[in-house]
Amino acid sequence: MNEMTRPLPAEITAPALEAVALTKRFGAFTALDSVSIKLRPGSVHALLGENGAGKSTLVKCVMGFYRPDDGAVLVNNHEVVIGDPRAAQTHGLGMVYQHFTLVPRMTVLENLVMARASVPAVIDWAAERAALAAFLATMPFRIDIDAPVAALAAGDKQKAEIVKQLYLKARILILDEPTSVLTPDEADETLGLIRAMALAGRLTVLIITHKFREVMAFADDVTVLRRGKLAGTGSVAAHTPDSLARLMIGESAIAAPAARDGAPTNEVRLAVAGLRADDESGMPALRGVDLQVHAREIVGVAGVSGNGQVELVQVLAGQRTATGGSLRVHGELYAADRADIRRHKVHCLPEEPLRNACVPGMSVAENMAFRCFDEAPLARGGWWLDLAAMRRAARDLIARYRVKTTGPEAPIATLSGGNVQRAVLARELSRDVDVLIAANPVFGLDFAAVADIHAQIVEARNRGTAVLLVSEDLDELLELSDRLVVMSRGVIVHETTPAAADLTVIGRCMAGH
Amino acid sequence: MDDGSLGWWGVPLAVLAGAIRISTPFLFVSLGECLTEKSGRINLGLEGTLVMGAMTAYAVSYGSGDPWLGVLAAGLAGTAFGALHASICGLERVNDIAVGIALMLLGTGLAFFLGKPFIQPQAPQLPAISFGWWSGSAQVRSALQVNALFLVGLALAPLLLWGLRNTRWGMVLRIVGESAEAARAMGYKINQVRLLATACGGFLAGVGGSFLSLHYPGSWNERLSSGQGITAVALVIFARWDPMLCVWASLLFGGASALGPALQSVGVTQGYYLFNAAPYVLTLAIMIATSSSRHRLAGAPAELSVTR
């Protein structure tokens with residue numbers, strides 16, 4: 001699939017892009033240390049690296065968001081000065097961000113026209129519509145230009161973002177983790193189309209990713225960054241996933257996932273029956289979810305984001321009211337209020353923990369005490385708080401869970417993402433837990449933190465906890481789950497075990513086919 | 001039927017006349033606020049802008065003898081207030097609602113202070129167009145005395161609606177109000193857009209104020225505004241940020257306001273104060289009937305701090 005010495009297409013209209021010895025410092029910290037990268041015209045180049053390796057810094061320097069302290073950017077071997085993203089656009093550079101940048105409540109047509117550098121004072125929508133339709137006819141992408149962006153599936157949104165850049169005459173396309181919100185099928189389709197355009201000589205592409213499969217299948221060349229430095233570069237054909245992984249993480253050791261201990265029991269801990277709930281805008285998000293989790297079992301919930309997973313976790317965590325169906329824990333109806341949470345020992349690792357599980361301005365010690373601040377030994381009589389005891393308890397948890405903080409008194413918002421997650425983990429797992437709800441618990445964390453948190457979750461399972469793990473990362477689910485269910489459009493559409501899992505079937509279920 | 005007395009027919013006529021007369025300040029302030037809120041910012045200071053506009057219009061009309069010059073001056077005073085609101089809100093970590101309340105107090109206070117000398121004299125009033133020439137009834141004729149400003153406001157609403165959809169400026173305004181992130185990615189300057197939107201909103205609110213002092217009630221005193229500015233801000237939410245619905249909401253509010261006096265004039269004195277509360281009761285009832293606790297208000301600009 002990856003022709004190392006693929007002859008360059010006969011007719012190349014795409015330019016070459018080169019960054020030479022780019023250096024970017026933030027204060028004393030060097031985020032990017034003399035990194036060079038060369039994109040051949042009409043090629044697909046993958047940029048690999050862990051979180052914090054400098055990938056974003058590199059492309060932001062190229063796109064003009066940051067001014068590099070040193071180094072140069074060359075388009076077609078001519079040095080260019082890119083002071084802001086608009087200047088990047090005039091040099092034919094276009095970037096598709098990880099998060100969508102289209103206005104959700106406007107149509108694709110409105111979004112695309114308004115993104116242009118020059119828009120007439122009075123817009124003739126009929127003419128613009130005809131012009132865009134004609135432009136789309138020359139592109140391999142098919143999207144409904146009259147649909148509001150909010151109504152598009154994630155895959156179509158991503159296509160719309162790409163089409164927008166092409167419509168703005170981008171000839172060098174930079175994609176930041178373009179497939180993180182797509183199903184495997186959608187990802188393959190989108191990347192396939194991009195690659196076809198590169199093969200035809202119409203585009204030069206840089207893909208930032210952490211998915212080896214996509215690098216091996218769709219890229220011609222690869223550059224790996226590690227801690228702000230160039231770790232390796234070259235043709236994809238010269239690499240294997242293993243060699244890329246070594247370049248990416250260096251020689252540091254990774255904790256192996258804790259061994260599974262014992263099989264799931266027959267005791268149903270958490271039973272969700274016919275659960276219905278509405279989303280933020282009042283549209284039904286859960287349309288009858290049936291789900292059971294046994295003691296000493298991890299049930300993984302796979303699905304493309306936006307198919308009801310967020311609402312499911314919110315209902316279980318008591319953040320959202322269900323409109324129908326029932327929740328049972330230990331066979332009893334569960335109202336997700338504080339009394340029930342305590343009685344049934346239901347704990348939660350929500351996504352975006354700083355927003356969903358912490359009060360950012362309060363101290364680490366206070367945040368760690370949220371579950372038990374009004375009980376002995378942290379409180380006398382249920383109302384007189386013993387702050388010294390709270391600090392002692394926090395110090396103990398900080399040490400046990402290796403939370404990096406300046407002390408228990410530091411506001412939790414000052415901690416890094418991984419350490420906020422560790423602090424929440426310490427609070428949620430250090431006590432007896434009967435049911436654990438975890439949603440994307442390692443999102444955005446580095447290798448070491450991921451392995452650590454995975455080990456903690458498996459350990460909790462081994463102690464007899466029923467774990468519901470909602471994740472957008474299929475690899476994580478396959479690694480941790482005892483049982484795997486797929487959620488699509490607010491219902492569970494498929495159930496399997498990791499051992500018997502068929503990726504094609506799962507992908508199709510995720511896409512809602 | 002005697003000339004000048006329509007009996008019970010006077011009630012719907014008075015409500016219609018009230019809808020036209022009382023609604024005008026609501027219409028202008030709500031259209032202005034609609035424009036401001038579409039850009040993702042809320043300006044609660046429009047009550048102050050309205051009173052300031054009323055004072056300025058009266059003073060300039062008195063001084064120059066031309067009421068239309070007064071309207072223009074009121075609009076410019078409103079523009080200044082809007083620009084002040086927007087430039088303070090453009091600073092880091094400033095809350096638009098708090099700034100709005102401060103400017104509401106500043107506007108009314110400043111207007112009372114500067115307007116002291118204008119309480120007694122009579123300034124030239126805005127002309128009204130008579131649509132009741134065909135009727136022999138004095139009541140009908142007086143009810144159909146329509147002020148030119150009302151017609152301007154009526155024409156402005158569809159123009160705004162069209163502009164928000166079909167012009168570059170309208171689209172940019174909506175993008176900034178819907179997604180600051182997207183606007184930034186497209187290279188639009190968010191603070192600048194909001195400054196213009198708030199200044200334009202202030203202009204319209206100032207013009208709305210000029211109607212109070214130059215047509216109905218038609219004089220300048222400290223009790224001129226009974227919270228029309230702040231009510232109009234609420235009307236925008238009521239109208240779901242749609243300029244055309246702002247027209248209907250203003251008419252409904254104006255008509256309901258006229259209900260109490262109209263009933264009193266035909267001899268229904270029972271529950272006079274209750275009928276005076278009709279617009280508020282009506283608004284409350286419609287808000288409750290059309291809102292839901294479970295989801296966001298449909299049509300609300302996504303960047304608006306009160307709906308986030």
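**Domains, sheets and a pocket in a predicted model**

Chain A is divided into three parts: domain 1 covers 14-102 together with 152-249, domain 2 covers 257-345 together with 432-513, and domain 3 covers 358-430.

An open sheet of four strands in chain A has the order S2-S1-S4-S5, and its pairing is antiparallel. Strand S2 (29-39) and strand S5 (78-80) of chain A stand at the edges; each has a single partner strand, so one side of each is left without a neighbour in the sheet. On average, neighbouring strands of this sheet are turned by 30° against each other, direction ignored. At one end of the order, strand S4 (residues 70-75) of chain A is joined to S5(A) by three bridges, and the two run antiparallel. Leu74(A) stands opposite Glu79(A) in S5(A). Helix H1 (residues 55-63) of chain A lies across strand S1 (17-26), S2 and S4 of chain A, and it runs at about 115° to S1(A).

A second open sheet of four strands in chain A has the order S12-S11-S14-S15, again with antiparallel pairing. Its edges are strand S12 (284-294) and strand S15 (332-333) of chain A; because each has a single partner strand, one side of each is left without a neighbour in the sheet. Strand S11 (residues 268-278) of chain A runs antiparallel to S12(A), and eight bridges join them. Within this pairing, Arg276(A) has Arg287(A) in S12(A) as its bridge partner.

Between strand S6 (93-96) and helix H3 (108-115) of chain A there is a loop, and Thr107(A) lies in it. Is Thr107(A) buried or exposed? Its relative accessibility is 18%, and since buried means under 20%, Thr107(A) counts as buried. Leaving aside neighbours within four places in sequence, the residues in contact with Thr107(A) are Ile145(A), Asp146(A), Ala147(A), Pro148(A) and Val149(A).

Attention now turns to chain B and a pocket. The second largest pocket has a volume of about 670 Å³. Its lining consists of 31 residues, of which Ile22(B), Tyr216(B), Ser257(B), Ala258(B) and Pro261(B) lie nearest the centre. Two or more lining residues are given by each of these elements of chain B: helix H1 (10-38), helix H5 (138-143), helix H11 (243-265), helix H12 (272-276) and helix H13 (278-290). Which element supplies the largest share of the lining of the second largest pocket? That share, eight residues, comes from H1(B).

Key: Residues are numbered from 1 along each chain as its sequence is written. Chains are lettered from A and ligands numbered from 1 in the order in which they are written. This is a predicted model: local features need pLDDT of at least 70, side-chain atom pairs count only at pLDDT 80 or more; totals for chains, interfaces and linings use all residues. Side-chain values use heavy atoms; hydrogens and water are left out. Domain bounds come from an automatic or database domain assignment. Two strands pair if DSSP finds at least two bridges between them. Axes are lines fitted to C-alpha atoms, for helices over the stretch in contact, and angles run from 0 to 180 degrees between N-to-C directions. Contact means heavy atoms within 4.5 Å. Buried means under 20% relative accessible area, exposed over 50%, partly exposed in between (1.4 Å probe, protein chains only). On a 1 Å grid over the protein atoms alone, a cavity is a set of points where a 1.4 Å probe fits but cannot get out, and a pocket is an open set with protein on both sides within 12 Å along at least five of seven lines; lining residues have an atom within 4 Å of a point. Grid points are joined across faces, edges and corners, and a volume is the space filled by probe spheres set on the points.
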